[in-house]
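Subject: Structure for you to look through

Dear colleague,

I am handing over the structure that I have been going through, and I would be glad if you opened it beside this message. Below it you will find my notes, written so that you can follow them residue by residue.

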Amino acid sequence: EHGKEGGPAVDDTRYLEIWNLVFMEKERGQSTGPDSFEILGDLPKKNIDTGMGLERIAAIMQGVTSNFDTDVLHGLIEVGERLTGLKYGEDENADTSLRVMADHARSVTFMIGDGILPGNEGRGYVLRRLLRRAALKGHLLGIEGPFLGQFVDKIIEVMGPVYPELTANRKLIERAVLAEEERFGATMRQGRAYLAEELDGFDGKVLDGKVAFTLHDTYGFPLEVTQEICAEQGIEVDTDGFDECMAQQRKMARAATQDDSEAAWSTFDGTMPAILERVGASQFVGYTENEKMAKVVSIVKDGAEADSLNAGEEGGIVLDTTPFYAEKGGQVGDIGQIRSSSACAEVEDTHEPEAGLVLHHVRMAEGTLSVGDSVTATIDVLRRERIRRNHSATHILHWALRQVLGDHVKQAGSLVAPDRLRFDFTHFEAVSREQLDQIEELANRKIMENRPVRYYEIPLTQAREEGITALFGEKYGDIVRVIDMEGFSKELCGGCHVASTAEIGLVKISSEQSVAAGTRRIEAVTSFDALAYVNDFQRELREAADLLGVPPMDVVERSAHNLEQLKDLKTKQKRTKELAAAGNLKVILEKSRGISKEGYPIYILRADGFDAGALRNSWDIVHGQNPGAVAVVFASNFEGTPLLMAAGSDEAVATGFHAGNVIKAISGHIKGGGGGKPTMAQAGGKDAEGLDAALEAAREMLG
């Protein structure tokens, strides 16, 4: 009857795809060497992607033809129906929006629950785009204000029992979604203003694709929204230009990714994976040992394996066992030396290009090191001690942040270096000075209590059952290492730590700032670096006290007194300038006085160096000296910025004078805009060369 064959490929509604087959065989990459080119290689393990999935099975079992008609997703569709007043199934365009809102809201909820936060790159950018698209669809259907939180509530209600991380992180998810929706609302308003400015006075038929791309990239406007707004004014959008901008951005992103990959030790030709497969994982003994006898099992030079490294050369060395910690988990890699009986390599950094494979980045100081040599590997112990103190301090600060700010605080990134620590965490407003003081006090109290720090390994399942803090987004093996600060903090961590909290000595928070929407950052120092930080402040305080001629503890009081005196002096100086200007103005006014068409005095003059306040004061002087009908038009080049002001008395306005209309008529000469009331209006601009022309236009208009 249908006369069609070929299944879903012919787009016949009598077919429904529930299963497909994608044969995964090849891997695309770049060759190494100076003449790099794209190559296609076989995957080590081939597989078949069926595209099946749990929800397709659920749709079949529930006797429906769409995932959105299954019990879970249809409950989310109903949230959209309630918010919009629409009925699913009555209008295809509205149905698409309802599906987008339901699907994207669920994706957003799970992403934040897994530790991803909105950002401008990577997975954070994907999250932001999903959230904004869902919000936009809702607003286009008439929903006012933030609304995605209602989807979040339903998602957690339905799926929280199966995915407990959603319930555990509910507060974080709700606050992150609300903050991003509010941020997007502000961005949308800015975008609409930007588009309105571009369309103001636009007399063409096609809007430049670059404008549409700016709206998309900077303000989150989907192309179809820009097209819809433009269509209301009979304007098309240059989609080819938009696509060209999009292609250029993707090209730049790919180039940046390629540069990063080329800089990495793990190359496409499999150098690092091949080394790992041949020599096995490096045995790390650095938790307990600072020096270790080892054997050189591999050497890497210029991205490829080599037999040896000679004096003056740089490269990578793999040992069978090592005390060097490889950079990961925020903790920087160790430095130190690798020595044989006749050679010395300075270890300048340590990385782990493949899981379990420790690569020591070295510069040969003397002699030659070859594969098979017996060596002594020694870390820089003093540097490691400083790193250990800073790493343990991040755990204590994490605990203190949660105590003061709330359980929604989660670690979002860190840097543990020898001279400082940096800790990023989820929070949606600036941390006050009082809160920072409280956090610092709590952290130092735990340090002074000299709490023991224990380390032990347990199964990941047990760690989860015990509620031990894990890092969002971190990949863990079946066995995990626990850092237990007795009585208050337990976290999964593979880094190096102190044996007791008192070893940290002191922690001082040096700064707190925003790094992204919903993410804050604190930086701190410990031990001798904290002492140096405090000493620097004390030194500055003493120098300030000497300059002020008071004891250090009186600096604040004296500075406040001096500032008050300075404020009084500035006020007097300003008044003196105004009086001087008034005196000069009287002379200028006599030369610029004219008579308007209606017969009252009008003053049109240029007074360079006057700011907007001084121009208004000048009008007050003119008005005070001329009772009855009077008007002015002033122009000034103030520090390179052209200013125009028009003002008139009530009597002048009664005869037809309108300051706002005057400014609108003449401000184009300075490439500016402005306006105001009939009695007073002003404008700024970009072209001071047009001030005289603006005044001449005012004379012709009023005189």
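**Salt bridges**

Arg699 and Glu696 bring their side chains together in a salt bridge, with 3.4 Å from N to O; the term stands for a side-chain nitrogen of Lys or Arg within 4 Å of a carboxyl oxygen of Asp or Glu. The two residues are 3 residues apart in helix H20, so about one helical turn separates Arg699 from Glu696. Helices (H or I, at least four residues) and strands (E, at least two) are DSSP runs, numbered from the N terminus. Arg699 is partly exposed at a relative accessible area of 37%, and Glu696 is partly exposed as well, at 40%. In these notes, buried means under 20% relative accessible area, exposed over 50%, and partly exposed in between, with a 1.4 Å probe and protein chains only.

Before going further, please keep in mind that this is a predicted model, in which local features need pLDDT of at least 70 and side-chain atom pairs count only at pLDDT 80 or more, while totals for chains, interfaces and linings use all residues. Residues are numbered from 1 along each chain as its sequence is written, and side-chain values use heavy atoms, with hydrogens and water left out.

Side chains of opposite charge can pair when their charged atoms come close. By the rule given above, the count comes to 31 salt bridges. One of them joins Asp692 and Arg606, at 2.9 Å from N to O. This pair links distant parts of the chain, since Asp692 lies in helix H20 (residues 691–702) and Arg606 in strand E24 (residues 601–606), 86 residues apart. Asp692 is partly exposed, with a relative accessible area of 47%, and Arg606 is partly exposed at 29%. Another salt bridge is formed by Lys292 and Glu289, whose closest N and O atoms are 3.9 Å apart; Lys292 is partly exposed at 25%, and Glu289 is partly exposed at 28%. There is also a network of salt bridges, which links Arg128, Arg132 and Glu180.

**Patches on the surface**

Patches are made of residues with over 30% relative accessible area and no salt bridge, where like charges are joined within 9 Å and nonpolar side chains (Val, Leu, Ile, Met, Phe, Trp, Tyr) within 5 Å. Lys and Arg count as positive and Asp and Glu as negative, whereas His and the chain ends are not counted; the place of a charge is taken as NZ of Lys, CZ of Arg, CG of Asp or CD of Glu.

A patch of negative charge is formed by Glu197, Glu198, Asp200 and Asp208. Asp208 sits in the loop between strand E3 (206–207) and helix H8 (209–219), and Asp208 is partly exposed at 39%.

A nonpolar patch has about 940 Å² of accessible area together, and its members include Leu16, Trp19, Phe23 and Ile57; such areas come from the Shrake-Rupley method with a 1.4 Å probe, and for residues only the protein chains shown count as cover. Helix H1 (residues 54–61) gives the most to this patch, with 3 residues. Ile57 is placed in helix H1 and is partly exposed, with a relative accessible area of 37%.

**Buried residues and their contacts**

Contact here means heavy atoms within 4.5 Å, and neighbours within four places in sequence are left aside in what follows. His216 lies in helix H8, is buried at 9%, and is in contact with Arg129, Phe221, Phe242 and Met246. Ala294, in strand E6 (residues 291–301), is buried at 8% and touches Leu319, Asp320, Thr321, Asp373, Ser374 and Val375. Ala400, in helix H12 (residues 381–405), is buried at 0%, and its contacts are Ile439, Leu442 and Ala443.

**Two backbone angles**

Most residues other than glycine have a negative phi, and most peptide bonds are trans. Ser527, although not a glycine, has a positive phi of about 55 degrees; Ser527 is found in helix H15 (residues 527–548) and is buried at 17%. Lys671 also has a positive phi, near 55 degrees, but Lys671 is found in the loop between helix H19 (659–666) and strand E27 (673–676) and counts as exposed, at 59%.

With kind regards
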